[in-house]
Amino acid sequence: MLEETPMTHQADRLEKQTLALFKLAYRQGRVDVAEYFLQALEAMEREPSAQEHAMCRGALMEAYHEVARRH
C-alpha cells in the first residue's frame with residue numbers, strides 16, 4: 001500500500017480540482033475549455049509518480065465517462 005505523503009495529497013487535490021473544472025466547463029458547453037482540462041488530466045497520468053497512485057487514473061477515467069455519457 002502506498003504511503004500518503006504531503007506531495008501525494010497535493011497531487012490528489014490537483015487532480016480532483018482539475019476534474020471538477022473539466023466537468024464544469026463541459027456541462028456548461030465550453031468544450032474548448034474542457035479539452036484543456038482533459039489534456040491536463042492526461043498529462044498528470046503520464047507522470048511516472050502518477051502510475052504509483054490510482055487517483056489520477058480514476059480522475060481521467062471519470063472525465064472520459066463524462067464525455068461518453070453525454071454522447
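A nonpolar core is a set of buried Ala, Val, Leu, Ile, Met, Phe, Trp, Tyr and Cys residues joined through side-chain atoms within 4.5 Å, where buried stands for a relative accessible area under 20%, exposed for over 50%, and partly exposed for values in between (1.4 Å probe, protein chains only). The structure is a predicted model, in which local features need pLDDT of at least 70 and side-chain atom pairs count only at pLDDT 80 or more, while totals for chains, interfaces and linings use all residues. Residues are numbered from 1 along each chain as its sequence is written, and side-chain values use heavy atoms, with hydrogens and water left out.

**View 1. The protein chain and its confidence.**
The secondary structure of the protein chain comes to three helices and zero strands, in the pattern α-α-α when read along the sequence; helices (H or I, at least four residues) and strands (E, at least two) are DSSP runs, numbered from the N terminus. The pLDDT, which is the predictor's confidence in each residue on a scale from 0 to 100, averages 84 over the protein chain, and 77% of the residues score at least 70. Among the elements, H2 has the highest mean pLDDT (94) and H3 the lowest (85). Where pLDDT is low, the predicted coordinates should not be read in detail. Of the 71 residues in the protein chain, 28% are buried. Contact means heavy atoms within 4.5 Å, and among contacts between residues at least 6 apart in sequence, 53% join residues at least 24 apart.

**View 2. The largest nonpolar core.**
Ten residues make up the largest nonpolar core, namely Leu19, Phe22, Ala25, Tyr26, Ala34, Leu38, Leu41, Ala59, Leu60 and Ala63. Two or more residues of this core are given by each of H1, helix H2 (31-46) and helix H3 (54-69), and the largest share, four residues, comes from H1. In soluble globular proteins, nonpolar side chains tend to be buried together.

A search of the whole structure finds one aromatic pair, a term for rings of Phe, Tyr and Trp (its six-membered ring) whose centres lie within 6.5 Å, with planes under 30 degrees apart counted as stacked, over 60 as edge-to-face and the rest as tilted. Phe22 and Tyr26 form this pair, which is stacked, with 5.7 Å from centre to centre and 15° between the planes. Both residues lie in helix H1, four residues apart, about one turn of the helix, and both Phe22 and Tyr26 are buried.

**View 4**
The structure holds four salt bridges, each being a side-chain nitrogen of Lys or Arg within 4 Å of a carboxyl oxygen of Asp or Glu. In one of them, the side chains of Glu62 and Lys23 meet at 2.2 Å, N to O, and this pair links distant parts of the chain, with Glu62 in helix H3 and Lys23 in helix H1, 39 residues apart. Glu62 is partly exposed because its relative accessible area is 35%, whereas Lys23, at 17% relative accessibility, counts as buried.

The side chains of Glu66 and Arg69 meet in a salt bridge of 2.4 Å, N to O, and both residues lie in helix H3, three residues apart, about one turn of the helix. Glu66 counts as buried, at 0% relative accessibility, while Arg69, at 56%, counts as exposed. Arg27 joins these residues, as Arg27, Glu66 and Arg69 are linked in a network of salt bridges. Asp32 forms a salt bridge with Arg30, and the closest N and O atoms are 2.8 Å apart. Asp32 counts as partly exposed, at 41% relative accessibility, and Arg30 is partly exposed, with a relative accessible area of 42%.

Gln17 has its place in helix H1 (residues 6-27), and is partly exposed because its relative accessible area is 43%. The C-alpha atoms of Gln17 and Ala59 are separated by 9.7 Å, although these residues are 42 residues apart along the chain. Thr18 also lies in helix H1, but counts as buried, at 6% relative accessibility. A polar atom of the Thr18 side chain lies 2.7 Å from the backbone oxygen of Leu14. Leaving aside neighbours within four places in sequence, Thr18 is in contact with Phe37, Ala40, Leu41 and Met44.

How values were computed:
A polar contact is a pair of N or O atoms within 3.5 Å; within protein, one must be able to donate a hydrogen and the other to accept it, and residues adjacent in sequence count only if both atoms are side-chain atoms.
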